[in-house]
Amino acid sequence: MTQLTINIEDKSILPHLKKILNALEGVSIAKPIRKKKTGLEEALEDIKAGRVKRFESMDDLFKDLGI
């Protein structure tokens, strides 16, 4: 099987292009594969977005948690 990747700048033509390609025998449209993020990648994104807290001591952490 041969694969061809097409980059489309104008998204408004995408439905028409899909209709044309589906009409061709032997042509199928593959859905893009999304890579699942690892825990480390998610943690690094949290740090970049500022979704972290720092505590001076364990007592401060427990106070914040209500323990």
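## Surface and extent

Accessible areas come from the Shrake-Rupley method with a 1.4 Å probe, and for residues only the protein chains shown count as cover. The protein chain exposes about 7200 Å², of which carbon and sulfur atoms supply 56%. Buried residues (under 20% relative accessible area; exposed is over 50%, partly exposed in between; 1.4 Å probe, protein chains only) make up 0% of the 67 residues in the protein chain.

This is a predicted model: local features need pLDDT of at least 70, side-chain atom pairs count only at pLDDT 80 or more, and totals for chains, interfaces and linings use all residues. Residues are numbered from 1 along each chain as its sequence is written, and side-chain values use heavy atoms, with hydrogens and water left out.

## Fold

The protein chain has 3 helices and 0 strands (DSSP runs, numbered from the N terminus: helices are H or I of at least four residues, strands E of at least two). Along the principal axes, its C-alpha atoms fill a box of roughly 70 × 25 × 20 Å.

## Salt bridges

A salt bridge places a side-chain nitrogen of Lys or Arg within 4 Å of a carboxyl oxygen of Asp or Glu; the count comes to 4. Among them, Asp64 and Lys53 meet at 3.1 Å, N to O. Asp64 lies in helix H3 (residues 58–65) and Lys53 in the loop between helix H2 (39–49) and H3, so the pair ties together parts that are 11 residues apart in sequence. Asp64 is partly exposed, at 41% relative accessible area, whereas Lys53 is exposed, at 60%.

Another salt bridge joins Asp46 to Arg51, with the closest N and O atoms 2.7 Å apart.
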